[in-house]
Amino acid sequence: MAANLTPQYLDAEERYKSAQTAEERLAALEEMFRLIPKHKASEKMQAELKRKISAARKDAAHEASHGKTGAKLDPFHIPKSGAGQIVLIGTPNVGKSSLVAAVSHAAVKVADYPFSTALPVPGMVTFEDVQIQLVDTPPITSDHVAAGFPGLWHACDALLVVVDASTDALLDDAETCLRHLAERHLALAPSAGGVGELRLKRGLMLVNKRDAAGATERLAALREFFGSRSRIQAISAHDASDIAGFPELLFELLNVIRVYAKPPGKKADETAPFILPAGSTVHALAAHVHRGMAEHLHSARIWGTSLFPGQNVQLDHVLHDKDTVELHA
Ligand SMILES: Nc1nc2c(ncn2[C@@H]2O[C@H](COP(=O)(O)OP(=O)(O)O)[C@@H](O)[C@H]2O)c(=O)[nH]1
Ligand SMILES: [Mg+2]
């Protein structure tokens with residue numbers, strides 16, 4: 001690099017990339033500007049930094065006036081991104097970070113010693129044309145859950161309880177996770193909902209390290225004890241074909257559909273699907289596309305799972321994943 005950037009500059013750049021609030025971004029950018037060598041070769045970069053600093057300053061002022069600075073104080077506040085947010089929960093060393101590292105570019109740390117992950121780290125997982133946010137998290141133990149972590153359990157769209165098939169502690173660890181959830185009135189379920197105080201969270205138990213010796217027997221025992229309380233899925237973060245199928249599992253877990261909106265007489269925008277809860281109707285799509293749209297909607301045509309391509313449907317017609325919809329308002 002012609003500009004001869006110092007390690008201090010690169011550190012500041014790292015902080016800029018991992019910043020969660022505009023204020024953090026601004027601080028890192030100002031530091032980068034202070035540290036960048038001021039000569040001809042770096043003029044372009046200096047100009048670019050100035051532009052970013054001015055944008056970050058505006059964002060920081062906006063955040064401050066909208067009370068968003070609290071987000072900085074709570075590391076377990078992870079802004080949602082993509083089609084949905086899925087959060088991992090597990091005891092130490094079960095392979096949470098390995099799973100996130102295997103399907104995303106998140107800068108997570110995999111280590112064979114416990115407590116190597118201190119704070120949550122989100123990664124983005126690609127499934128076909130959607131992005132899903134998968135959040136690596138610090139471990140929980142039978143008597144410790146990091147302050148703030150349960151807030152993330154409540155806020156996320158789905159939970160993955162990760163247990164480890166290479167150890168006999170698997171049953172106890174599974175119990176520990178479900179107990180901590182239950183203490184916060186949360187239980188895993190195929191779909192979200194509520195029963196009295198209890199909040200059902202979409203989720204399942206992911207049994208990692210199914211490649212390990214003895215894993216098959218332990219998995220059978222786990223199914224016997226927990227099969228009625230949770231869906232159980234085995235995986236190995238070290239197995240390429242298991243990992244190839246993991247994004248689809250995450251997509252299924254979210255229980256959403258992709259719908260492509262098609263303006264009348266034009267081609268559908270196939271690059272950016274609308275993401276809706278499974279079971280959504282044409283009317284719900286219209287409300288999602290534009291608030292005023294739903295009121296004026298009089299008909300719609302669908303290409304996809306209906307009887308024939310371009311079929312006219314009622315506004316209460318239930319959409320399916322990958323439907324293309326032409327809304328007439
Ligand atoms: N055999 C096997 N080892 C795994 C698997 N996934 C992770 N590991 C190992 O388990 C250890 C802990 O992994 P890590 O991802 O740091 O666990 P975390 O503490 O839950 O985040 C590391 O030594 C990993 O290499 C797997 O699927 N099979
Ligand atoms: Mg970890």
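Is Leu249 buried, partly exposed or exposed, and how many other C-beta atoms lie within 10 Å? Leu249 is partly exposed, with 16 other C-beta atoms within 10 Å; the legends below begin with an overview and return to this residue. This is a predicted model, in which local features need pLDDT of at least 70 and side-chain atom pairs count only at pLDDT 80 or more, while totals for chains, interfaces and linings use all residues. Residues are numbered from 1 along each chain as its sequence is written, and chains are lettered from A and ligands numbered from 1 in the order in which they are written.

Figure 1. The chain holds 11 helices and 13 strands; helices (H or I, at least four residues) and strands (E, at least two) are DSSP runs, numbered from the N terminus. Its C-alpha trace spans about 65 × 60 × 40 Å along the principal axes. Of the 329 residues, 33% count as buried, where buried means 20 or more other C-beta atoms within 10 Å of the residue's own, exposed means 12 or fewer, and partly exposed lies in between, with C-beta atoms placed from the backbone. Among contacts with a separation of 6 or more, 62% join residues 24 or more positions apart; two residues are in contact if their C-beta atoms, placed from the backbone, lie within 7 Å. The domain assignment gives domain 1 (7-71), domain 2 (85-254) and domain 3 (257-328), with bounds that come from an automatic or database assignment. The C-alpha centres of domain 1 and domain 3 are 41 Å apart.

**Figure 2. The surroundings of ligand 1.** The ligand is surrounded by 22 residues, the closest being Gly95, Lys96, Ser97, Ser98 and Asp112; a residue is near a molecule if its C-beta atom, placed from the backbone, lies within 6 Å of it. Helix H5 (residues 96-103) supplies the largest share of this shell, three residues. The shell comprises seven nonpolar, 11 polar and four charged residues. In this classification Ala, Val, Leu, Ile, Met, Phe, Trp, Tyr, Cys and Pro count as nonpolar, Asp, Glu, Lys and Arg as charged, and the others, Gly among them, as polar.

Figure 3. Helix H7 (residues 170-183) has 14 residues, which at 1.5 Å a residue should span 20 Å, and its end C-alpha atoms are 20 Å apart, in agreement; the expected span is 1.5 Å times one less than the number of residues. The buried residues of H7 are Leu170, Asp173, Ala174, Thr176, Cys177, His180 and Leu181. Seen down the axis, these buried residues fall within an arc of 155°, so they line one face of H7; the arc is that of the directions from the helix axis to the C-beta atoms. The face turned away from the buried side carries the exposed residues Arg179, Ala182 and Glu183. The elements covering the buried residues of H7 include strand E1 (85-90), helix H6 (149-155) and helix H8 (215-226).

**Figure 4. Two residues with positive phi.** Most residues other than glycine have a negative phi. His185, in the loop between H7 and E5, has a positive phi of about 60° although it is not a glycine. With 15 C-beta neighbours inside 10 Å, His185 counts as partly exposed. Asn93, in the loop between E1 and H5, has a positive phi near 70°. Asn93 is buried, with 21 other C-beta atoms within 10 Å.

Figure 5. Ala83 is found in the loop between helix H4 (70-73) and E1, and is buried, with 23 other C-beta atoms within 10 Å. Apart from its neighbours within four places in sequence, Ala83 is in contact with Val130, Gln131, Ile132, Leu254, Val256 and Ile275. Leu249, the residue of the opening question, is found in helix H9 (residues 240-254). The C-alpha atoms of Leu249 and Phe127 are 9.4 Å apart, although 122 residues separate the two in sequence.

Figure 6. Val318 lies in the loop between strand E12 (311-313) and strand E13 (323-328), and is partly exposed, with 14 other C-beta atoms within 10 Å. Beyond its neighbours within four places in sequence, Val318 is in contact with Gly279 and Thr281. In helix H10 (residues 282-289) the buried residues are Val282, Leu285 and Ala286. These cover an arc of only 100° around the axis, which puts them on the same side of H10.
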